[in-house]
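Biologist: Can you walk me through this one? I have not looked at it before.

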Amino acid sequence: MHRHAKVSTYLLLLLAVAAAAAPALAQSPAVGPPLRPGAVAALDVALYTAGANLQEASDTSRAVLATSVLRGELAELLGPALADSAAVARRVSDPRIRQVAGDQACYVIVACARAVGRDLNADWVVMAKVSKTSNLIWLLTGQLINVATGEIVMDDSTELKGDPEPMVRAGVRIFAERVARAIKERASGQHAER
């Protein structure tokens, strides 16, 4: 009988600890409230080679690879919160939106990226650029922008040294993970304030 009372007390203590920990786990920034579909628009990754000591036809494939990795990683981390890439591409080429960029490429102009985000009713827009310095040195820059306020929440710059393909993959993957974490943390913070 005495042993049964000890086990019951122990179980009650475990249940109390679990119940106390549950709200903290539910509010974890890593999880946070679900984002609405299409809340995040990711533009294609731009390519800049004007400063490179050697320009090659294969350079374009680095931006294509970076775009694929960025969208793939964000889709995995954010699910339906990532806006459809075809819808983003239509907005980027829309003359009304290109006007915001002075008819320049929208991919590297914050005002144009925000216009794309607004047109898609997105909360966030992600821009990135790969720049070639030499065959073995590339630079990845990326921004996470709050569409409503224009705040640049993240402004990353990473030098990628070595074989370009694996370095671009790794650099973009890390950038995408940081973007997703920042968005989820902001969403958790806004959810907690309500």
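**A first look**

Modeller: Of the 194 residues of the protein chain, 38% count as buried. Buried means under 20% relative accessible area, exposed means over 50%, and partly exposed is in between, with a 1.4 Å probe and protein chains only. This is a predicted model, where local features need pLDDT of at least 70, side-chain atom pairs count only at pLDDT 80 or more, and totals for chains, interfaces and linings use all residues. Residues are numbered from 1 along each chain as its sequence is written, and side-chain values use heavy atoms, with hydrogens and water left out.

Biologist: What is the mean pLDDT of the protein chain?

Modeller: The mean is 83, and 80% of the residues reach 70 or more. pLDDT is the predictor's confidence in each residue, from 0 to 100.

Biologist: Where is confidence lowest, and where is it highest?

Modeller: Lowest is helix α1 (residues 2-26), with a mean of 38. Highest is strand β1 (residues 40-42), at 97. Over residues 1-30, pLDDT stays under 50, and the model has five contacts there beyond four places in sequence. A contact means heavy atoms within 4.5 Å. Where pLDDT is low, the predicted coordinates should not be read in detail.

Biologist: Noted. How many helices and strands does the protein chain have?

Modeller: Six helices and five strands. Along the sequence the pattern reads α-β-β-α-α-α-α-β-β-β-α. Helices (H or I, at least four residues) and strands (E, at least two) are DSSP runs, numbered from the N terminus.

Biologist: Take α2. What should its 20 residues span?

Modeller: At 1.5 Å a residue, helix α2 (residues 59-78) should span 28 Å. The expected span is 1.5 Å times one less than the number of residues. The end C-alpha atoms of α2 are 29 Å apart, which agrees. Just after α2, Gly79 takes a positive phi of about 60°.

Biologist: Which residues of α2 are buried?

Modeller: Among them are Ala63, Leu65, Ala66, Val69, Leu70 and Leu74. Asp59, Arg62 and Glu73 are also on that list.

Biologist: What does Leu70 touch?

Modeller: Leu43, Val45, Val126, Val172, Phe175 and Ala176, leaving out residues up to four places away in sequence. Leu70 is also in the largest nonpolar core, which has 30 residues. A nonpolar core is a set of buried Ala, Val, Leu, Ile, Met, Phe, Trp, Tyr and Cys residues joined through side-chain atoms within 4.5 Å.

Biologist: Which members of that core touch the most others?

Modeller: Val40, Leu70, Leu74, Val126, Leu144, Phe175 and Val179. The elements giving two or more residues to this core are β1, α2, β3, β4, β5 (152-161) and α6. The largest share, eight residues, comes from α6. A second, separate core has 19 residues, including Ala83, Ala87, Leu120 and Met127.

Biologist: On to charges. How many salt bridges does the structure hold?

Modeller: Twelve. A salt bridge is a side-chain nitrogen of Lys or Arg within 4 Å of a carboxyl oxygen of Asp or Glu. One pairs Asp123 with Arg36, their closest N and O atoms being 3.0 Å apart. Asp123 lies in the loop between α5 (110-119) and β3 (124-134) and Arg36 in the loop between α1 and β1, so the pair ties together parts that are 87 residues apart in sequence.

Biologist: Is Glu73 buried or exposed?

Modeller: Glu73 is buried, with a relative accessible area of 11%. Arg173 counts as partly exposed, at 34%.

Biologist: And what about networks?

Modeller: Arg96 and Asp94 meet in a salt bridge of 3.1 Å, N to O. Salt bridges that share partners join Arg91, Asp94, Arg96 and Asp119 into one network.

Biologist: Last topic: how many disulfides does the structure hold?

Modeller: One. Cys106 and Cys112 form it, with sulfur atoms 1.9 Å apart. A disulfide is a pair of cysteine sulfur atoms within 2.5 Å. The link is left-handed, with -110° about the S-S bond. Cys106 counts as buried at 1% relative accessibility, and Cys112 counts as buried at 0%.
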